[in-house]
Amino acid sequence: MSKNKSSESVKVVVRCRPLNRKEESNGPSGSIVQMDLRLGQVILRNPRASQSEPQKTFTFDAVYDANSKQRDLYDESVRPLIDSVLAGFNGTIFAYGQTGTGKTYTMQGMWLDPEKRGVIPNAFDHIFTHISRSQSDKQYLVRASYLEIYREEIRDLLDPNHANARGLELRESPETGVYVPDLTSCVCKSIKEIEEVMNVGNQARAVAATDMNEYSSRSHALFLITVECGQPGPDGRKHIRVGRLNLVDLAGSERQAKTGVQGERLKEAAKINLSLSALGNVISALADGRSGHVPYRDSKLTRLLQDSLGGNAKTVMVATLGPAPQHYDETLTTLRYANRAKNIQNQPRVNEDPKDALLREFQREIARLRAQLNHRKWRSKQRKERLDGEDSEPDGDEDAEEEVEKEAEEYVKQEEQRLEREKEAIRGDRSLLADEKQKLLGEKERMMGDLRKEQEATEQLTAKYKAIESKLLVGGKNITDHTNEQQKMLEVKRQEIAEQSRSEREMQQKMLVQDDETLELRETFTSLQQEVEAKTKKLKKLYAKLQCIKAEIQDVNDEHVRSRQELEQTQNELTRELKFKYLIIENFIPPEEKNKIMSRMTFDPEEDQWKFQPLVPAESKPLEMKKRPTSAVGYKRPISQYARVAITMGAHNRFRAENIMFLELDMNPPNTASLGRLKDAELNLSSSADNSPTDDRGVHKSRSWCQSQTSLTSSSSNVSLSACTAVPASAQ
Ligand code: ADP
Ligand code: MG
């Protein structure tokens, strides 16, 4: 099951977007982020600090500045990961950063501009191009799903009713890890189809975004692609490798202000960023390496990404930064986060022949349908041969199959013709009685019907077979590759260059580390003076380093204090609310009721909810509540003993089970009406002494139902009734 079991660290790359127009116009000091592309370093300047304060430097696997191209990021940092997924590894790419720093731009980019297409469309291209260029003994099945997490609820973006549906559950299996059982998954046969899937999901997100403020910046979007590849192994058996790719656009990492929020809204606010803070805790716990417990279970996001962080996956994190001075704090937090994530070690391995591979199921289904079809055709062929008087042994090669198919078709045609001829003969035969003729004709009709039915069934089977077979992509067959040789060469060269610059950067980084260590060893001093100079230089260097670290410690302390204060504030608010609830419970709920309720409550950690135990457990199923007893049979409603006796004594109006009184309401004179209507009313009054019930006089006369039926009917029938009464009135 496992192969290449080795550990590798999470790759972290940082990207800084250009200053936007607004920032350019109001920011005097320009960008606070500098990047050394060759070394993979980010240098951050604190706009509030003095010039003398050292700048903060962070080193990553790669950095991309404002001029970087989408293609560069893809070729250097993402392409190797997608190649691994195609080879059967799990892979994850997630974009992390403050809102507006380019997470969505990096992941999706601008679909219509080939230069600005992001990681996701490039990955689509990559996957399907790879399939089209692979050998023809490989079979592929590509599936895509799209989900989002908003306020700790998982929503399926491909489900048309996702807005109304309840959040999806998470399950865990030793085979595939954590997964969402009811998630829609679409089999995609081409780039166009997978783009369509992405569009459907994006539209669902866009609809939600117009309904809710800041929706898109607070929800996490996960696009999942599963690539299954079947190939005959050296042992002659077909092996299946399954690569799963998670493409994650996280919610904005900025702190959500919780001040002034209370009650339900406080809980909601806490939930919005729960996944992100849990992600931070997981990264810290993993990077630290010392703490045994990793709190994956704290949020839906961390559970879904469990494999990607410290598990069976290759992971790339793209941290996005904004260059504006006003976001210094957030930028620094993002860089720290990213710096910590570098230390996470994963254990990726190839997923070979997992039990739940859909490809295997498809292959089985195809084989079954094929066998059925062949059997049908074979039967037809044999019947034909019986007709023709030939005889042959079945053999299973391709040519024979085609022949069988042709002969089966011929058989159907011949059989039809034969039946037609026989029918004609019966019709023309004068020796038969009309009755007999009819019977024989009916018989032939039935035979023809059977033949047609059989043919239809075969056609249906063939259609089903073809539909399933078309879902499987065969290397170099289903998708045609339109790139010419020159373009292919160009692509290869570009990949080589990307590979080279990656290894160059790694070398540079290694050299930098070694330089510091070996400088001392290499130096020999000719004079005391020289030695003093060299040592002073070194002292200065070390002193600067010390200052940096001291500043770092101070920063971390400040941040710690800030987050502690926030937590304390949240705690205070929650305590206040708890006291309020206690007050209500203690004063307004009888103690015995309270105890009853308390004894029935249990906490369900799966759903993170308190639940009621059944009050009286049913005998057979202890977890189900006993049914309520039905009321006395035969009576419309429970009635008193007195009424029951009265019924048995004999009918008397007074003791009727349903003694509804008919109360005549007195007619009140109108006492409120608008001026104009009052005048009309007066006119009406004066013109006719008879006040019909349809008269509009501000206040309607109350009538009991036994007087007039109209007031009892529903509104629609009311309209029709009044219309009925109105017609003769106007006709008069
Ligand atoms: P986020 O998803 O992090 O909230 P977006 O991806 O929506 O941010 O980016 C915000 C804006 O910045 C968009 O208008 C986007 O086009 C622009 N942008 C982001 N990154 C870049 C970049 N590297 N180059 C050019 N424009 C960018
Ligand atoms: Mg976004």
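1. Basis. This is a predicted model, in which local features need pLDDT of at least 70 and side-chain atom pairs count only at pLDDT 80 or more, while totals for chains, interfaces and linings use all residues. Residues are numbered from 1 along each chain as its sequence is written, chains are lettered from A and ligands numbered from 1 in the order in which they are written, and side-chain values use heavy atoms, with hydrogens and water left out.

2. Ligand shell. Twelve names need checking here: Arg15, Arg17, Pro18, Gln98, Thr99, Gly100, Thr101, Gly102, Lys103, Thr104, Tyr105 and Met110 surround ligand 1. A residue is near the ligand if one of its heavy atoms lies within 4 Å of it. Helix α3 (residues 103-107) gives the most to this shell, with three residues. Helices are DSSP runs of H or I with at least four residues, strands are runs of E with at least two, and both are numbered from the N terminus.

3. The shell around ligand 1 has three nonpolar, six polar and three charged residues. Ala, Val, Leu, Ile, Met, Phe, Trp, Tyr, Cys and Pro count as nonpolar; Asp, Glu, Lys and Arg count as charged; the others, Gly among them, count as polar.

4. Ligand oxygens. A polar side-chain atom of Thr104 lies 2.7 Å from an oxygen atom of ligand 1. For Tyr105, a backbone N or O atom lies 2.7 Å from a ligand 1 oxygen. For Gly102, a backbone N or O atom lies 3.1 Å from an oxygen atom of ligand 1. Taken alone, ligand 1 exposes 560 Å², and the protein buries 67% of that. Accessible areas come from the Shrake-Rupley method with a 1.4 Å probe; for residues, only the protein chains shown count as cover.

5. Strand β13. Of the 13 residues in β13 (residues 220-232), 11 are buried. Buried means under 20% relative accessible area, exposed over 50%, and partly exposed in between (1.4 Å probe, protein chains only). β13 runs antiparallel to β8 (residues 139-150), joined by 11 bridges. Two strands pair if DSSP finds at least two bridges between them. Tyr146 has Phe223 of β13 as its bridge partner.

6. Hairpin β13-β14. β13 also pairs with β14 (residues 238-249), antiparallel, over 12 bridges. Gly230 stands opposite Ile240 in β14. Five residues separate the two strands of this hairpin, and Gly236 in the turn has a positive phi of about 90°.

7. Hairpin β8-β9. β8 pairs with β9 (residues 153-156) in the antiparallel sense over four bridges. Glu148 stands opposite Arg155 in β9. Two residues lie between the strands of this hairpin. Arg151, in the loop between β8 and β9, has a phi near 50°, a positive value in a residue other than glycine. Arg151 counts as partly exposed because its relative accessible area is 28%.

8. Asp353. This residue also deserves a look at its backbone. Asp353 is not a glycine, yet has a positive phi of about 50°. Asp353 sits in the loop between β16 (345-346) and α11 (358-388). Its relative accessible area is 27%, so Asp353 is partly exposed.

9. Glu559. Helix α15 (residues 528-588) holds Glu559. The side chains of Glu559 and Arg336 make a polar contact of 3.3 Å. A polar contact is a pair of N or O atoms within 3.5 Å; within protein, one must be able to donate a hydrogen and the other to accept it, and residues adjacent in sequence count only if both atoms are side-chain atoms. Glu559 touches Arg255, Thr333 and Arg336 (heavy atoms within 4.5 Å), not counting residues up to four places away in sequence.

10. Ser6. Ser6 lies in the segment before β1 (8-9). Ser6 and Pro348 are 342 residues apart in sequence, but 6.9 Å apart in space, C-alpha to C-alpha.
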